[in-house]
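Colleague: I'm new to this one and would like a quick tour. Could you show it to me, and then I'll ask away?

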Amino acid sequence: MNWSLLFGSYANVLLNLQVMGMIFLGATGGVLIGSIPGLTATMGIALLIPFTYGMDLIPSIGLLLGIFCGGMYGGSISAILIHTPGTPAAAATVMDGYPMGQKGEAGRALSIALYSSFVGGMIGAVLMTFLSPLISKMALKFGPGEFFTLAVFGLSVIISISGKSIVKGLISAFFGLLLATVGMDKVCAYLRFTKAPGLYDGMPFIPTLIGLFALSEVFAGVEKITVAERIKATITRALPDLDDVKTIMVPVIRGGLIGTFIGAIPGAGGDIAAFVSYGETKRASDHPELFGTGVPEGIAAAESANNGCSGGAMIPLLSLGVPGDSNTAVMLGAFIMKGIQPGPMMYVEHLDLVYSIFAAMITANIAMLIVGGCGVKLFAKVISIDKKKLLPVILVLSLVGAYSINGNLFDASLAIVMGLVGYLLQKYEFPLSPILLALILGPMSESNLRRFMQIHDSKFWLLFTRPICVVLIILAVASLVSSVINQKKIERRTAGSTTK
């Protein structure tokens with residue numbers, strides 16, 4: 001590590017007003033974009049790349065990193081306030097963020113999400129600074145078998161996010177896996193379960209997410225609109241108090257590490273990291289029966305992991321030239337546009353630039369903390385708006401968000417259909433999160449398993465000769481067993497408290 005060059009690069013970023021201005025501008029835009037259902041940080045980065053063409057490299061990368069980090073936190077705002085993840089990475093935040101908001105503690109939920117996102121992002125950025133070459137070598141060892149077992153490990157947390165009933169959680173997950181098979185087969189191009197052109201590439205993820213979480217809430221809200229009471233949000237501070245910080249300390253650190261590791265694996269993203277972190281935190285908790293009712297640890301685990309991914313995803317991009325997720329894939333285009341080719345030689349030929357990117361990443365997280373802290377009181381007031389006025393706004397925003405992805409009415413119609421499905425499932429107490437997790441991991445597990453079988457002449461047992469696969473399978477089995485034991489413990493405690 002060249003310390004003098006490292007500190008010099010940090011000074012160049014922190015003392016350059018143009019770079020700082022671009023980072024804060026990006027963080028503000030990222031928070032706003034992430035908070036609107038249907039608009040993702042990836043979309044924001046892609047839209048702004050043409051505007052960075054005339055800028056120097058560091059200010060333009062600072063702007064894009066600001067959007068990246070701001071968008072990660074922004075997704076939690078709508079997840080907590082209106083039961084709609086602004087981005088897929090915030091899907092796990094809904095499970096405890098929304099119930100806490102409904103208790104009148106929207107400000108507390110937002111401040112916990114902001115603090116956790118900041119700490120998770122800083123963990124990712126610091127690990128990226130010091131461990132990039134080491135972690136990228138490990139990520140390079142991931143092939144189809146490793147990706148398949150990683151998906152299986154991710155699916156093992158389904159029981160942890162199933163709520164009151166494991167059976168209903170598994171039924172929801174099976175329904176999600178069934179939806180994941182819709183569309184064109186990626187190997188033989190056979191159309192499965194549909195001939196509708198809009199479904200050729202599978203179920204459109206964002207319209208499905210908006211339908212299941214936002215429109216289902218609108219339909220449920222219409223049913224209770226005459227009896228719904230206005231919620232008064234208590235907002236006393238922008239950051240969590242000392243008691244909350246102590247409570248979430250371990251989940252935040254664990255989530256940041258999980259997010260960084262999963263983010264460093266090309267193809268795995270913040271949504272997977274958030275669900276895995278949430279499942280592990282619930283499994284390790286002394287009171288797992290309270291998860292899903294609005295506990296701080298649930299919000300912290302999900303938010304720290306999804307922003308930890310932002311630093312993790314930069315590791316393979318800078319070290320190997322391989323983007324870790326869709327955001328860094330778009331950013332790779334920005335680097336190439338500026339005449340920089342990320343990869344191993346970047347650490348030899350452009351080390352000062354690598355250190356400047358590290359500095360910009362850390363500064364982007366600080367900017368997100370400041371921008372998010374300034375906006376907490378404003379965001380939390382949304383929850384106090386009369387439902388009769390709020391529901392039409394959510395309906396319009398949801399339909400516009402679903403339509404804006406591809407600019408066609410099919411996606412908006414699909415969102416309405418999935419909204420009705422989500423409403424009926426919620427009415428009969430089927431959890432929605434397992435559907436989303438299965439939709440994320442189903443295609444990943446299927447395509448990689450088939451690729452592995454083709455490469456190894458259908459010898460499935462060879463999976464057990466690969467060390468990383470064996471470790472992930474052991475972790476998946478351990479996670480399943482401990483989740484079942486935890487669930488039984490929850491049922492016993494619930495039955496005991498009912499008897500009393």
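Colleague: Is Y355 buried or exposed?

Modeller: This is a predicted model, where local features need pLDDT of at least 70, side-chain atom pairs count only at pLDDT 80 or more, and totals for chains, interfaces and linings use all residues. Residues are numbered from 1 along each chain as its sequence is written, and side-chain values use heavy atoms, with hydrogens and water left out. Buried means under 20% relative accessible area, exposed over 50%, and partly exposed in between (1.4 Å probe, protein chains only). Y355 comes out at 4% relative accessibility, so call it buried.

Colleague: How do the rings of Y355 and F358 pair?

Modeller: Both residues lie in helix α15, three residues apart, about one turn of the helix; helices here are DSSP runs (H or I, at least four residues), numbered from the N terminus. Rings of Phe, Tyr and Trp (its six-membered ring) pair if their centres lie within 6.5 Å, with planes under 30 degrees apart counted as stacked, over 60 as edge-to-face and the rest as tilted. For Y355 and F358 the centres are 6.1 Å apart and the planes at 45°, so the pair is tilted.

Colleague: And what about Y278 and F291, how are those rings arranged?

Modeller: Y278 sits in helix α11 (residues 270-284) and F291 in the loop between α11 and α12, so their pair ties together parts 13 residues apart in sequence. Y278 is buried at 2% relative accessible area, and F291 is buried at 8%. Their ring centres are 5.7 Å apart with planes at 80°, so the pair is edge-to-face.

Colleague: Which residue lies over the face of F430?

Modeller: A charge sits over a ring if NZ of Lys or CZ of Arg is within 6 Å of the ring centre and within 35 degrees of the ring normal. Here, at 5.3 Å from the ring centre of F430, the residue is K168.

Conventions:
Helices (H or I, at least four residues) and strands (E, at least two) are DSSP runs, numbered from the N terminus.
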